[in-house]
Amino acid sequence: MDEESQLIEPQDQSCWATLPDVCLRRVFWWLGDRDRSRAALVCRKWNQIMYSADLWRYRSITFSGRPSRVHASEFESALWYVKKFGRYLEYLEIKFLNPYNAVLTRKFQVTMRGLLSCLGKNNNRLKSLSIQHLELDRLVWRNSIRTSFIKSLTFFLKKIGRHLDYLNLKGARMTVEQGCQVLNSLSYLKNESMTSELNLEDFFSHHLAVYSSPQFNRTMATFRNLISLTLNYSCISDELLENLCENNAGTLWTMNIKCHIHDPHRQVIWGMSWANLARHTTNLKVNFFFERVMKYECLVRILLQEIPIRSISLRSCYFSDPDWSMRPTLLDLLPTFRHTLQKLTFEFNNNHESLDEELHLLILSCRKLFYFKIWAFLDVKFVERILKSQEEGQCALRTLKVRIYTNRYETNEEDRTLREIYRKYRRLIDSKLNYFVIAYPMM
């Protein structure tokens, strides 16, 4: 090409040539890694903009737990990314999906060691770290691999813990000693952690009575800035509530508590401990999630009237027990929280008892309730009763989701009735409700 052919008249230039940098960055933000790498080859300007910090603040890295050609290079690409752009990271999410064997867990551990080491050296802006569902108590994690991974994670948290706001280790399933070792690394050298959001759901292995561990209570006493805390009920004790009251009274806003049938949940918690915490943390809202813990005698020991409960979820996962009744929970226990309850989620098999009337009364009694979701055996007319109450101003729901179980293969009759109900209350539904109702054969 001669010199004259290289000259391009301004009117012939593409509009991309004059697009401001801020607009280019916004366009590139929507691109995947493959398209970004291609765009970086277009010209020098695009290549320079591709190194803008805004483009690399968020990263979700997924490792497949099964070997395949599609995912063969995911370990290498994760390391490549962190080495090249890791210094810009502020929000990092890592997923390791259902590891298939010890070879893959070893490869993951080695990759994570390199990844965390590189981040520890080059990154000083990481605010959020999420590593979920590791399930370290599974047999595919050999002792040496598990120990090496925990060591790498602990060392990394010691380096970046001082400016980490959010840590999510849901599903790690560690022993109490291992878990406390990891959590203590956040308060390295300072004896206190400023992490504001902490997710420890299933962080410890099932069956562990964490609430009785002095080591765990000492570890939780190092947290001084918690806004949101998620953990299992097996961790709750009077000592923990006292520590939260003493060290996080000015900040604690939300507690999410999961209670699983396989976790110890029969410890005695004094109502005065909850009352003291609620009195000092005036904005505190507590959300409970029960998995197969459905019996009244268990629930009444846990759901003490002094707790400022905002949300309750009760799920039985299709298990049916003819000796179990949901009626006393609906009539006697849950109305205790009618002044604070905002969300209710039910999923249970009540084939042996009708609960339409009890559920309707519960909704009417909870004047702040705006979210109601239920999967259960119900009469189709239950939905119409709720909508009628909503129309008359007796309740203020904004979300209504109902799955009506039936004992028949066909739901034509129920579907027809539901369509008629929708037509009757269409104006109300379209203007005020996030509405989803379906009939579902439960055979």
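A cavity is a set of points, on a 1 Å grid over the protein atoms alone, where a 1.4 Å probe fits but cannot get out; a pocket is an open set with protein on both sides within 12 Å along at least five of seven lines; lining residues have an atom within 4 Å of a point. Grid points are joined across faces, edges and corners, and a volume is the space filled by probe spheres set on the points.

This is a predicted model, in which local features need pLDDT of at least 70 and side-chain atom pairs count only at pLDDT 80 or more, while totals for chains, interfaces and linings use all residues. Residues are numbered from 1 along each chain as its sequence is written, and side-chain values use heavy atoms, with hydrogens and water left out.

**Exercise 1. The cavity**

Find how many cavities of 30 Å³ or more the structure holds, and state what lines the largest cavity.

Step 1. The structure holds 1 cavity of 30 Å³ or more.
Step 2. The space in the largest cavity is about 40 Å³.
Step 3. Its lining consists of Leu200, Phe203, Phe204, Ser205, Asn232, Ser234, Cys235 and Asp263.
Step 4. Sort the lining by class: Ala, Val, Leu, Ile, Met, Phe, Trp, Tyr, Cys and Pro count as nonpolar, Asp, Glu, Lys and Arg as charged, and the others, Gly among them, as polar. The lining of the largest cavity then has 4 nonpolar, 3 polar and 1 charged residues.

**Exercise 2. The pocket**

Describe the lining of the largest pocket and state which element supplies the largest share.

Step 1. The volume of the largest pocket is about 510 Å³.
Step 2. Of the 20 residues that line the largest pocket, Asp33, Arg34, Arg59, Ser77 and Trp80 lie nearest its centre.
Step 3. Look up the elements, which are DSSP runs numbered from the N terminus (helices: H or I, at least four residues; strands: E, at least two). At least two lining residues come from each of helix H3 (33–39), strand S1 (58–64) and helix H5 (74–85).
Step 4. H5 gives the largest share, 7 residues.
Step 5. By class, 9 residues of this lining are nonpolar, 5 polar and 6 charged.

**Exercise 3. H10 and H11**

Classify the packing of helix H10 (residues 238–248) against helix H11 (residues 271–280).

Step 1. Axes are lines fitted to C-alpha atoms, for helices over the stretch in contact, and angles run from 0 to 180 degrees between N-to-C directions. The angle here is about 15°, and the axes are 9 Å apart.
Step 2. H10 is therefore roughly parallel to H11 (angles under 35 degrees count as roughly parallel, over 145 as roughly antiparallel, 65 to 115 as roughly perpendicular and the rest as oblique).
Step 3. Contact means heavy atoms within 4.5 Å. On the H10 side Asp238, Leu241, Leu244 and Cys245 take part, and they meet Ser273, Trp274, Asn276, Leu277 and His280 in H11.
Step 4. These residues divide into 5 nonpolar, 3 polar and 1 charged.

**Exercise 4. H7 and H8**

Step 1. Arg146, Ile150, Leu153, Thr154 and Leu157 in H7 meet Gln178, Gln181 and Val182 in H8.
Step 2. The contact divides into 4 nonpolar, 3 polar and 1 charged.
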